Amino acid sequence: MLSVDRRTKTASFLGAICAIAVSASPALAQAPPRAADDWTFTLSPYVWFSGLGGEVTLPRGAESFNADFGDIFESLKFSVMGIFEARRNNFSLLLDLMYLNIQQGVPVPGEGAFSGGSSRVKTTEASAIGLFTLAEQPGGRFELGGGLRAWWLNTEIRLDPGLLPGKTVDQTTNWVDPVIAARASLRLNDRLSLTGYGDIGGFGVGSEFTWQAIATLDWRVSDWISASVGYRWIQIDYESSRATIDLDMSGPIIGASFRF
(Lines give C-alpha, C1' and ligand atoms only; values in the text may rest on other atoms or scores of the structure.)
Protein backbone atom coordinates (compact mmCIF):
# COMPACT_ATOMS: atom_id res chain seq x y z
CA MET A 1 0.00 0.00 0.00
CA LEU A 2 1.23 3.49 -0.85
CA SER A 3 2.15 5.69 2.11
CA VAL A 4 0.44 9.05 2.73
CA ASP A 5 3.61 10.82 1.54
CA ARG A 6 3.68 8.78 -1.65
CA ARG A 7 -0.04 9.37 -2.28
CA THR A 8 0.64 13.10 -1.93
CA LYS A 9 3.51 12.81 -4.41
CA THR A 10 1.27 10.85 -6.79
CA ALA A 11 -1.49 13.46 -6.66
CA SER A 12 0.97 16.29 -7.21
CA PHE A 13 2.56 14.58 -10.18
CA LEU A 14 -0.80 13.78 -11.77
CA GLY A 15 -1.64 17.46 -11.55
CA ALA A 16 1.69 18.39 -13.11
CA ILE A 17 1.45 16.05 -16.07
CA CYS A 18 -1.99 17.42 -16.88
CA ALA A 19 -0.31 20.79 -17.46
CA ILE A 20 2.98 19.76 -19.13
CA ALA A 21 5.20 16.87 -20.10
CA VAL A 22 6.50 14.93 -22.99
CA SER A 23 5.93 14.06 -26.58
CA ALA A 24 6.82 10.89 -28.39
CA SER A 25 5.79 12.08 -31.85
CA PRO A 26 5.59 15.86 -32.28
CA ALA A 27 4.99 15.55 -36.02
CA LEU A 28 1.36 14.60 -35.38
CA ALA A 29 0.49 18.09 -34.20
CA GLN A 30 2.12 19.72 -37.20
CA ALA A 31 1.44 17.70 -40.35
CA PRO A 32 -1.40 18.53 -42.78
CA PRO A 33 -4.82 17.11 -41.86
CA ARG A 34 -6.03 13.85 -43.36
CA ALA A 35 -9.50 12.32 -43.62
CA ALA A 36 -10.94 11.66 -40.17
CA ASP A 37 -10.97 7.86 -40.56
CA ASP A 38 -7.42 7.56 -41.96
CA TRP A 39 -4.72 5.91 -39.90
CA THR A 40 -1.47 7.87 -39.59
CA PHE A 41 1.81 6.32 -38.50
CA THR A 42 4.93 7.96 -37.08
CA LEU A 43 8.33 6.38 -36.54
CA SER A 44 10.62 8.34 -34.19
CA PRO A 45 14.18 7.07 -33.61
CA TYR A 46 15.97 9.00 -30.88
CA VAL A 47 19.19 9.25 -28.89
CA TRP A 48 19.01 9.80 -25.15
CA PHE A 49 22.19 11.20 -23.59
CA SER A 50 21.23 9.80 -20.20
CA GLY A 51 23.15 9.76 -16.97
CA LEU A 52 22.46 7.08 -14.38
CA GLY A 53 22.30 7.16 -10.60
CA GLY A 54 20.93 5.09 -7.74
CA GLU A 55 21.39 1.83 -5.87
CA VAL A 56 20.77 -1.79 -6.80
CA THR A 57 20.60 -4.52 -4.14
CA LEU A 58 20.80 -8.16 -5.29
CA PRO A 59 21.33 -11.38 -3.31
CA ARG A 60 25.10 -11.06 -3.82
CA GLY A 61 25.19 -7.51 -2.34
CA ALA A 62 24.41 -3.84 -2.92
CA GLU A 63 26.01 -1.37 -5.30
CA SER A 64 25.62 2.41 -5.50
CA PHE A 65 26.49 4.23 -8.69
CA ASN A 66 26.48 7.67 -10.28
CA ALA A 67 27.59 7.91 -13.91
CA ASP A 68 27.15 10.65 -16.50
CA PHE A 69 26.54 9.96 -20.18
CA GLY A 70 30.28 10.08 -20.97
CA ASP A 71 30.94 7.24 -18.53
CA ILE A 72 28.09 5.19 -19.97
CA PHE A 73 29.07 5.90 -23.60
CA GLU A 74 32.58 4.54 -22.99
CA SER A 75 31.07 1.27 -21.77
CA LEU A 76 28.24 1.06 -24.32
CA LYS A 77 28.30 -1.99 -26.57
CA PHE A 78 24.94 -1.68 -28.32
CA SER A 79 21.84 0.50 -28.09
CA VAL A 80 18.42 0.76 -29.77
CA MET A 81 15.89 3.53 -29.03
CA GLY A 82 12.72 4.40 -30.88
CA ILE A 83 8.99 5.12 -30.71
CA PHE A 84 6.22 4.02 -33.08
CA GLU A 85 2.83 5.72 -33.02
CA ALA A 86 -0.43 4.80 -34.75
CA ARG A 87 -3.27 7.35 -34.70
CA ARG A 88 -6.87 7.33 -35.89
CA ASN A 89 -9.41 10.02 -35.09
CA ASN A 90 -8.97 10.87 -31.38
CA PHE A 91 -7.05 7.72 -30.40
CA SER A 92 -3.27 7.18 -30.41
CA LEU A 93 -1.23 4.08 -29.58
CA LEU A 94 2.43 4.61 -28.62
CA LEU A 95 5.02 1.82 -28.59
CA ASP A 96 8.37 2.78 -27.05
CA LEU A 97 11.46 0.55 -27.01
CA MET A 98 14.83 1.22 -25.36
CA TYR A 99 17.66 -1.32 -25.17
CA LEU A 100 21.11 -0.73 -23.62
CA ASN A 101 24.02 -3.18 -23.45
CA ILE A 102 26.83 -1.86 -21.22
CA GLN A 103 30.07 -3.68 -20.37
CA GLN A 104 33.09 -2.63 -18.33
CA GLY A 105 36.02 -4.15 -16.45
CA VAL A 106 35.84 -4.90 -12.73
CA PRO A 107 38.53 -5.46 -10.08
CA VAL A 108 39.27 -9.13 -9.45
CA PRO A 109 39.79 -10.70 -6.01
CA GLY A 110 43.01 -12.46 -4.98
CA GLU A 111 46.58 -12.33 -6.31
CA GLY A 112 46.35 -14.03 -9.67
CA ALA A 113 43.31 -16.06 -8.66
CA PHE A 114 41.60 -14.70 -11.78
CA SER A 115 43.23 -13.18 -14.85
CA GLY A 116 40.59 -10.48 -15.29
CA GLY A 117 36.92 -9.70 -14.96
CA SER A 118 34.06 -7.75 -16.49
CA SER A 119 30.49 -6.81 -15.74
CA ARG A 120 27.71 -6.56 -18.31
CA VAL A 121 24.33 -4.87 -17.77
CA LYS A 122 21.52 -5.30 -20.30
CA THR A 123 18.51 -3.05 -19.84
CA THR A 124 15.31 -3.26 -21.90
CA GLU A 125 12.31 -0.97 -21.48
CA ALA A 126 9.14 -1.46 -23.57
CA SER A 127 5.95 0.58 -23.27
CA ALA A 128 2.49 0.37 -24.83
CA ILE A 129 0.43 3.50 -24.10
CA GLY A 130 -3.03 4.44 -25.38
CA LEU A 131 -4.04 8.11 -25.45
CA PHE A 132 -7.40 9.76 -26.12
CA THR A 133 -7.73 13.39 -27.23
CA LEU A 134 -9.75 15.36 -24.68
CA ALA A 135 -9.26 18.80 -26.24
CA GLU A 136 -7.89 20.03 -29.56
CA GLN A 137 -7.59 23.51 -31.02
CA PRO A 138 -5.56 24.94 -33.93
CA GLY A 139 -2.93 25.92 -31.36
CA GLY A 140 -2.53 22.58 -29.61
CA ARG A 141 -3.87 19.30 -28.26
CA PHE A 142 -4.28 17.59 -24.88
CA GLU A 143 -4.49 13.79 -24.47
CA LEU A 144 -4.99 11.48 -21.50
CA GLY A 145 -4.68 7.71 -21.20
CA GLY A 146 -2.57 4.89 -19.85
CA GLY A 147 -1.00 1.53 -20.50
CA LEU A 148 1.89 -0.70 -19.48
CA ARG A 149 5.67 -0.30 -19.19
CA ALA A 150 7.86 -3.40 -18.82
CA TRP A 151 11.48 -3.59 -17.64
CA TRP A 152 14.06 -6.36 -18.06
CA LEU A 153 17.40 -5.94 -16.25
CA ASN A 154 20.12 -8.55 -16.63
CA THR A 155 23.46 -8.25 -14.81
CA GLU A 156 26.37 -10.60 -15.42
CA ILE A 157 29.77 -10.64 -13.69
CA ARG A 158 32.47 -12.78 -15.32
CA LEU A 159 35.81 -13.70 -13.75
CA ASP A 160 38.37 -15.04 -16.24
CA PRO A 161 40.42 -18.18 -15.41
CA GLY A 162 43.69 -17.67 -13.54
CA LEU A 163 44.93 -19.82 -10.71
CA LEU A 164 41.28 -20.67 -10.20
CA PRO A 165 38.70 -21.72 -12.82
CA GLY A 166 36.63 -18.96 -14.38
CA LYS A 167 33.31 -18.01 -12.80
CA THR A 168 30.15 -16.28 -14.01
CA VAL A 169 27.32 -14.90 -11.88
CA ASP A 170 24.12 -13.99 -13.71
CA GLN A 171 20.99 -12.25 -12.31
CA THR A 172 17.80 -11.26 -14.18
CA THR A 173 15.00 -9.07 -12.81
CA ASN A 174 11.86 -8.09 -14.72
CA TRP A 175 8.48 -6.55 -13.99
CA VAL A 176 5.54 -4.73 -15.59
CA ASP A 177 4.08 -1.42 -14.38
CA PRO A 178 0.61 -0.02 -15.09
CA VAL A 179 0.90 3.71 -15.86
CA ILE A 180 -1.39 6.72 -16.24
CA ALA A 181 -0.20 9.08 -18.99
CA ALA A 182 -0.85 12.54 -20.41
CA ARG A 183 0.47 14.40 -23.45
CA ALA A 184 0.17 18.03 -24.51
CA SER A 185 1.33 20.03 -27.53
CA LEU A 186 1.43 23.79 -28.12
CA ARG A 187 2.02 25.23 -31.59
CA LEU A 188 4.28 28.32 -31.53
CA ASN A 189 4.18 28.99 -35.28
CA ASP A 190 4.03 27.09 -38.58
CA ARG A 191 7.41 25.46 -37.90
CA LEU A 192 7.93 25.27 -34.14
CA SER A 193 5.95 23.67 -31.32
CA LEU A 194 6.37 22.61 -27.71
CA THR A 195 5.26 19.10 -26.72
CA GLY A 196 5.25 17.22 -23.47
CA TYR A 197 4.50 13.79 -22.11
CA GLY A 198 4.35 12.47 -18.57
CA ASP A 199 3.31 9.27 -16.86
CA ILE A 200 3.13 7.86 -13.35
CA GLY A 201 2.64 4.28 -12.25
CA GLY A 202 3.79 1.18 -10.42
CA PHE A 203 1.32 1.48 -7.53
CA GLY A 204 2.86 -1.63 -5.94
CA VAL A 205 1.75 -3.84 -8.86
CA GLY A 206 5.17 -4.00 -10.53
CA SER A 207 7.42 -1.38 -9.01
CA GLU A 208 6.46 0.53 -5.89
CA PHE A 209 6.52 3.82 -7.76
CA THR A 210 7.70 5.06 -11.16
CA TRP A 211 7.38 8.26 -13.14
CA GLN A 212 8.59 9.68 -16.44
CA ALA A 213 8.56 13.14 -18.02
CA ILE A 214 9.82 14.49 -21.34
CA ALA A 215 9.75 18.04 -22.68
CA THR A 216 10.74 18.86 -26.27
CA LEU A 217 11.03 21.70 -28.76
CA ASP A 218 9.99 20.44 -32.19
CA TRP A 219 10.83 21.79 -35.65
CA ARG A 220 8.79 20.80 -38.70
CA VAL A 221 11.36 20.31 -41.45
CA SER A 222 8.73 19.28 -44.04
CA ASP A 223 5.17 17.97 -44.08
CA TRP A 224 6.38 14.48 -43.17
CA ILE A 225 9.60 15.01 -41.23
CA SER A 226 10.30 16.83 -37.98
CA ALA A 227 13.24 17.09 -35.57
CA SER A 228 13.11 17.39 -31.79
CA VAL A 229 15.41 18.33 -28.94
CA GLY A 230 14.57 18.23 -25.25
CA TYR A 231 15.08 16.53 -21.91
CA ARG A 232 13.87 13.22 -20.44
CA TRP A 233 13.61 11.91 -16.87
CA ILE A 234 12.76 8.41 -15.59
CA GLN A 235 12.65 7.33 -11.93
CA ILE A 236 12.06 3.78 -10.63
CA ASP A 237 11.54 2.48 -7.09
CA TYR A 238 11.28 -1.34 -7.25
CA GLU A 239 11.33 -3.88 -4.42
CA SER A 240 11.04 -7.67 -4.36
CA SER A 241 12.43 -10.60 -2.43
CA ARG A 242 15.22 -10.93 -5.04
CA ALA A 243 16.13 -7.31 -5.74
CA THR A 244 15.72 -3.70 -4.66
CA ILE A 245 16.25 -1.03 -7.34
CA ASP A 246 16.27 2.74 -6.82
CA LEU A 247 17.13 4.16 -10.23
CA ASP A 248 17.21 7.63 -11.79
CA MET A 249 17.92 8.24 -15.49
CA SER A 250 17.93 11.73 -16.99
CA GLY A 251 19.56 13.72 -19.76
CA PRO A 252 19.10 15.53 -23.10
CA ILE A 253 17.24 13.77 -25.90
CA ILE A 254 17.32 14.39 -29.67
CA GLY A 255 15.32 12.64 -32.34
CA ALA A 256 13.51 12.75 -35.64
CA SER A 257 9.94 11.81 -36.60
CA PHE A 258 8.87 10.34 -39.95
CA ARG A 259 5.14 10.40 -40.61
CA PHE A 260 3.49 8.21 -43.24
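This is a predicted model: local features need pLDDT of at least 70, side-chain atom pairs count only at pLDDT 80 or more; totals for chains, interfaces and linings use all residues.
How many bridges join strand E8 to strand E9, and in which sense do the two strands run?

View 1. Nine bridges join E8 to strand E9, which covers residues 192–201, and the two strands run antiparallel. Within this pairing, Arg187 has Ser193 of E9 as its bridge partner. The hairpin that joins E8 to E9 passes through four residues. Strand E8, residues 167–187, also pairs with strand E7, residues 140–161, in the antiparallel sense over 20 bridges. Here Gly146 stands opposite Ile180 in E8. E7 and E8 likewise form a hairpin, with five residues between them.

**View 2. Glu143 takes part in a network of salt bridges.** The network links Glu85, Arg87, Glu143 and Arg183. Glu143 forms a salt bridge with Arg87, in which the closest N and O atoms are 3.0 Å apart. This pair links distant parts of the chain, since Glu143 belongs to strand E7 and Arg87 to strand E4, 56 residues apart. Glu143 also meets the side chain of Arg183 in a salt bridge, at 2.8 Å from N to O. Arg183 lies in strand E8 and Glu143 in strand E7, so this pair ties together parts that are 40 residues apart in sequence. Arg87 counts as buried at 6%, and Arg183 is buried at 4%.

**View 3. Arg141 and Glu136 form a further salt bridge.** The closest N and O atoms of this pair are 3.1 Å apart. Arg141 is buried, with a relative accessible area of 11%, whereas Glu136 counts as partly exposed at 43%. The structure as a whole holds seven salt bridges.

**View 4. A nonpolar patch lies on the surface.** The patch is formed by Trp39, Phe91, Leu93, Leu95, Phe132, Leu134, Leu144 and Ile180, which together have about 690 Å² of accessible area. Two elements give two or more residues to the patch, namely strand E5 (91–105) and strand E6 (114–137). Strand E5 gives the most, with three residues. Leu93 lies in strand E5. Because its relative accessibility is 33%, Leu93 counts as partly exposed.

**View 5. The side chain of Arg220 approaches the backbone of Asp190.** Arg220 is found in strand E10, which spans residues 209–220. A polar atom of the Arg220 side chain lies 3.1 Å from the backbone oxygen of Asp190. Why does Arg220 count as buried? Its relative accessible area is 14%, and buried means under 20%.

View 6. Most residues other than glycine have a negative phi. Asn89 is not a glycine, yet its phi is positive, at about 50°. This residue lies in the loop between strand E4 (76–88) and E5. With a relative accessibility of 39%, Asn89 counts as partly exposed. Phe203 is not a glycine either, and its phi is positive at about 55°. Where is Phe203 placed? Phe203 is in the loop between E9 and E10. Its relative accessible area of 30% makes Phe203 partly exposed.

Technical notes:
Residues are numbered from 1 along each chain as its sequence is written. Side-chain values use heavy atoms; hydrogens and water are left out. Two strands pair if DSSP finds at least two bridges between them. Patches are made of residues with over 30% relative accessible area and no salt bridge: like charges are joined within 9 Å, nonpolar side chains (Val, Leu, Ile, Met, Phe, Trp, Tyr) within 5 Å. Accessible areas come from the Shrake-Rupley method with a 1.4 Å probe; for residues, only the protein chains shown count as cover. A salt bridge is a side-chain nitrogen of Lys or Arg within 4 Å of a carboxyl oxygen of Asp or Glu. Buried means under 20% relative accessible area, exposed over 50%, partly exposed in between (1.4 Å probe, protein chains only). A polar contact is a pair of N or O atoms within 3.5 Å; within protein, one must be able to donate a hydrogen and the other to accept it, and residues adjacent in sequence count only if both atoms are side-chain atoms.
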